[in-house]
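Biologist: Hi, could you walk me through this one? I'd like to start with the contacts between chains and then look at a few residues.

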Amino acid sequence: MTAGRFMGQAIARSEDPRLLTGRGRFIADVVVPGASDAAFLRSEVARGRITGLDVEAARSAPGVRAVYTAADLNPLVHQTSLSGMPDAPFPPKYCLAQDDVRYVGDPIAIVIAENRYLAEDAVELIELDIDVQDPVIDVDAARDGKGDLVHPEIGTNTPQVIPLFGDPDLEQAFADAADVVRDTIVMHRYVQVPMECRGIIADWDPYGEALTVWSATQSVHEVQAFLAGLLGINSNKIRVLQPDVGGGFGQKMMIGRDEWAVVLAATVFGRPVRWIEDRRENLTAASHARDERMDLAMALNGDGTVVAIRGEMIENIGAYQTMGSSGMGAFVAPFLTNAYKIPKVGFASEAVYTNTCGKAPYRGPFLIYAVGIEQLMDTAARQIGMDPLELRRRNVIRAEDLPYTLPSLQCFDAITPAETLEQAASMIDYDGFRDKQAAARDQGRYLGIGISLCVEPSAIAVGALGTEAAVVRMDYSGKVTVLLGSSSTGMSVVTTMRQVVAEHLGCAPDDVTVIQGDTAATPYSAGTGGSRSAVLCGNAVAQATIELRSKLTEIAADALEAAVEDLEVDDGRVFVRGTATKGMTFAELGQLAYVGHDLLGPGTTPGLEATHRYKAPPFTFSNACHICTGEVDVDTGLVRILRYVVSEDCGRMINPKVVEGQIFGGVVQGLGGVLYEHMVYDDDGNPLTSTFVDYLLPTAAEVPTIEVGHVESPGPNPLGVKGMGEGGAIASPAAVVNAVADALAPLGVTVSGSPLGPKQILDMIAAADGHFESTSS
Amino acid sequence: MPKAAPVKPAPFDYHCPGDLAEAIALLQQHGDEAKVLAGGQSLIPLLSLRLSRFDHLVDLRAIEELRGVTTDDGSIRVGAMTTQANLARSEDAAAVPLLAKATSHIGHYQIRNRGTLGGSLAHADPAAEYPAVALALDASFEIVGPSGARRIPAADFFISTWVTAIEPDEVLAAAHFPIWSGNCGWAVAEVARRAGDFAMCGAVCGIQLDGQRVSRTALALFGVASAPVRAHAAESVVTGATVDDLDLPDIGAAVAATLDPPGDVHASGDQRGRMAKTLVPQVLAAAIDEARHA
Amino acid sequence: MREIALTVTVNGDRLSRTVEARRTLADFLRDDLSLTGTHLGCEHGVCGACTVLLDGDAVRSCLMFAVQADGAEVTTIEGLSERNGELTPIQAAFQAEHGLQCGFCTPGFVVSAHAFLEEHPNPSDEEIRDALSGNLCRCTGYQGIIAAVKRAAENGRSS
């Protein structure tokens, strides 16, 4: 599909100049007159009963204006369910920890003071007595009921269980198979880590009983809906505003119990309350991610075709999740076969509570569907003596297989995994690398290559996520404003939607202003995440723009005394096709629509505004292939990524640079997760990696140059777009793991997942069959 | 994690004395409640996270005599408040090349613009580079207290993790590093998770060649114990030997065998030992190579 | 003394204030002077979002107390920017190379890049990566940022 004048162009972002010059207004920059700063007293133990809590010394500390505990705030809670999930087995419906604490970081009291320095001073003065109890840290102990209950009120540590289900002939298929490959794929615990921590400002008007909230959120409307339930007030008495937000990656889709406490405190306090999270809190007490494992098995024919796959997954969801019980099993099950033609599937999963920080979604929260099978593919290839690229070629879904209906009855209509596999293999010169690898092994160096294919179920559009609306309005001066329900946190929604309008209307992107992130001004949206903006916002904006254009030409037809079919719209003018002069500018048409409407024809309504709420299919499938090469230093355990290529198909691109930027970010998060980032708890449930000194993010010095190739198969929607914001993060972990596994295979090392820091790699090398001696020169 | 999870420091009284005598008087007056503030790159995070706290901070930044590098009869004298960045740029300090080489491994340039040589030495982090350089080169330190100045060798200075021979009422004023003559080569190598991270294991080395024979060796390791470790035995093996006769892997193994490094989330003690085994030959080879081309 | 008198030049303006000794330079700039372009990403000296220039040198403002800047010249992202709607060459390079997405780490990178390129106008790719390793970004995967600094260096040489 050729690029349009604006669609498909790498237009510079209109978001940039403000941000580049320090004029961004993030939550910590928002000034609300009279606001006080909050700090939290948090639990230092993972599990225990609160036997004493005395805040008097804190209350009378310098600069302190109020201190609230569960006794003050919890009775104010009406309900804490999420829209659309009223009965989800969500942990007890309270705000601050009341009788006991359930993870290190559990918020117990909130101190409200003149500034954060004084608030932190006061927190230290609070007297807290906790009867420490043995925490439930280990997933297996928790689920087998040997440990105590994390949430006694719920009565189980496994709130979400999907018993094994699937093809009735699954066992037979495994029994009959020429080869069976099994492994336990492990993804360790790591964290979203947006560069900006969370933050919220709550301003309660006791006279109007109205609430104004500034929230560093990915969804202003969901925050509004949630707070309406929390406070038991009408949603239309709540206004939620999103300032500039420094990344979210899923952590900021929903607000946490500490943020609820800020809002509840504001209603009691009667003056605005501001809380800016700090990095220690963000790393240990906000939300965590991943921390799951899957027993995965594949049955293969003698020629390497995979006939069956069975996955049994355990997810450690911590104590308090921000999206119900956040079990991802329901999203993993349908896509277990990923990009391959595998006719028989079996799946089971359990989500397990532990006394650790609870989970929130993180870029591709169900990614183990791809990580598991991609790692197992390589393991299978080694087991049966076939190259991993060849094994994938034998099983990948090809153009001639489309439309392809999965065992889960999901249907792939327009995907190109086979094409991306070949493009990526060509980009990295796969065969050439195998030669280099062999030569390096002769010199005692260990290079490896890892492939990872993924079909991404993007733009998940079920329930509240199923639609998105845009209001596209041209004013009396001919300028366009779009009201969009999105709450972008770096996804370039503003720039890309300006491109969509410009393309479908016939004006310049600079003539378009996009308003988002304000519940008072914009239509309902479930938020910006889940790779949904291109598909949902894009099509809503496109359709509304087309309707506006239609109105515009209708008015112009009246004014120009021409037929609508004879009119063109371009460069901010509507004109009769083939003439240079018979036309009107948008400004002139705006005047007509709002002021000179007496001159409009009998059937033509005044004004120039259109609204469209677009409903997307439940999933829009995009796909990509990542291939990564790396070298493992077997003396230090350090891994250096040599090259990283991505061949991706996200359908029609609105802005190629934005697409690549999303891929780059996702890949580095995946790479970072495998090689550097590790959220570690000790046996007592204390987080050991609580600052950036120990929780390591990759820097510019560690990342490779990421090369991107594009394949384009249009998405099944009018714009032809697909979502791709998470694909980079979904495919990357397995590519890196596979490269390390490939490098270390000659040493008899088997790699079943992550983390792969130097410690883990050196441990694996030491433990491998065939005792290995370092041969440093 | 402490119950307040703070990132803002606790209150303190701030003092900015104009000379060393005043600084020492303040330390004497306030004893354990006082702490010297140099570049702050190690101290301030500890204060912000409230892992340490002091009622009094004595900022040395106004004491001019603590700054600057001078050459003085076969060694250089580096004022304790000389920033790491300025040390790397100093022409006088170029006579001790190991200092500039070590400096490039320290954190990032934003840190080096504030961090000081003296601060790094006095902080005595087991994974820091400068202490190992000082130990390897037999540096000596000028420490000034109420009863005047004393000089102590590096070998007596680093006691344990964050513990040195500086008394609570004393200030490290300067460090003296001997200048080597002849055909010399220098090397620093470390194993770190990322560029600029604390080393899991590191080594610094100096080699002086007389033709093909090693006439002088300096070798020290960091990150492998609670203080930097001087590899005396290895130095004895290397010094006097002909370069081509050296079995570097053997020497590395011997050094590693003497170590009992601590473990943490990044590497176990054993693994640190193995890293030492490869780093020692690496720095010896690099220093020898540089000396050969000198 | 808990409260200290301080005279400091910030973005060319000479100011006198009395501040609490423990107040970090970052908080002083952001809250006392309303220069909110300097961001707090960690407050323990790792992420670099708080980078400012102190007497021309890039430093982490969360690792300084405001009182340590007495008598010094501080330049923040606001001081490195034009006020007329024009981007500086480094800023323009960041925009051209899509070197930012959420923008939170961006001022720290721009200030760091400014200081780096002043001292190293002709850097190699490896030197650029090393120089940028003191600033963390979560959105861009650093690709656009590295390209931006490279482009700014090349543009600087050709002008």
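Biologist: Great. What should I know about the model and the numbering before we start?

Modeller: This is a predicted model, so local features need pLDDT of at least 70 and side-chain atom pairs count only at pLDDT 80 or more, while totals for chains, interfaces and linings use all residues. Residues are numbered from 1 along each chain as its sequence is written, chains are lettered from A and ligands numbered from 1 in the order in which they are written, and side-chain values use heavy atoms, with hydrogens and water left out.

Biologist: How many residues of chain A are in contact with chain C?

Modeller: On the chain A side there are 53 residues, in contact with 46 residues of chain C. Contact here means heavy atoms within 4.5 Å.

Biologist: And what area is buried between chain A and chain C?

Modeller: About 4,000 Å², with carbon and sulfur atoms giving 59% of that. Buried area is the accessible area (1.4 Å probe) that two parts lose on being put together, summed over both. A:Leu20, A:Tyr117 and A:Met195 supply 21% of the area that chain A buries against chain C, more than any other three residues.

Biologist: How many salt bridges are there between chain A and chain C?

Modeller: The count is three. A salt bridge is a side-chain nitrogen of Lys or Arg within 4 Å of a carboxyl oxygen of Asp or Glu. C:Arg22 and A:Asp121 meet in a salt bridge, at 2.6 Å from N to O.

Biologist: Which helix of chain A gives the most to the side that touches chain C?

Modeller: That is α18(A), with eight residues. Three helices, α1 (16-20), α4 (116-125) and α18 (656-675) of chain A, each supply at least two residues of that side. Helices (H or I, at least four residues) and strands (E, at least two) are DSSP runs, numbered from the N terminus.

Biologist: How many residue pairs are in polar contact across that interface?

Modeller: The rule finds 23 residue pairs between chain A and chain C, both at pLDDT 80 or more. A polar contact is a pair of N or O atoms within 3.5 Å; within protein, one must be able to donate a hydrogen and the other to accept it, and residues adjacent in sequence count only if both atoms are side-chain atoms.

Biologist: Switching over, how many residues does the contact take from chain B and chain A?

Modeller: It takes 35 residues from chain B and 43 residues from chain A. The area buried between them is about 3,400 Å², of which carbon and sulfur atoms give 58%. Between chain B and chain A there are four salt bridges. B:Arg50 pairs with A:Glu124, with the closest N and O atoms 3.1 Å apart. Helix α11 (residues 269-292) of chain B gives the largest share of the side of chain B that touches chain A, six residues.

Biologist: What's the salt bridge total over all chains?

Modeller: By this rule, 72. Within chain A, A:Lys252 forms a salt bridge with A:Glu196, the closest N and O atoms being 3.2 Å apart. The two are 56 residues apart, A:Lys252 in the loop between β11 (238-241) and α8 (257-269) and A:Glu196 in the loop between β8 (179-190) and β9 (199-205).

Biologist: Is A:Lys252 buried or exposed?

Modeller: A:Lys252 counts as buried because its relative accessibility is 2%. A:Glu196 is buried too, with a relative accessible area of 4%. Buried means under 20% relative accessible area, exposed over 50%, and partly exposed in between (1.4 Å probe, protein chains only).

Biologist: What does A:Arg198 pair with?

Modeller: A:Arg198 meets A:Asp258 in a salt bridge, 2.8 Å from N to O. A:Arg198 lies in the loop between β8 and β9 and A:Asp258 in helix α8, so the pair ties together parts of chain A that are 60 residues apart in sequence. A:Arg198 is buried at 4% relative accessible area, and A:Asp258 is buried at 3%.

Biologist: Last one: where is A:Ser349, and what does it touch?

Modeller: A:Ser349 is in strand β15 (residues 344-353) of chain A. Not counting residues up to four places away in sequence, A:Ser349 touches A:Gln160, A:Val161, A:Ile162, A:Met313 and A:Gly329. With 5% relative accessibility, A:Ser349 counts as buried.
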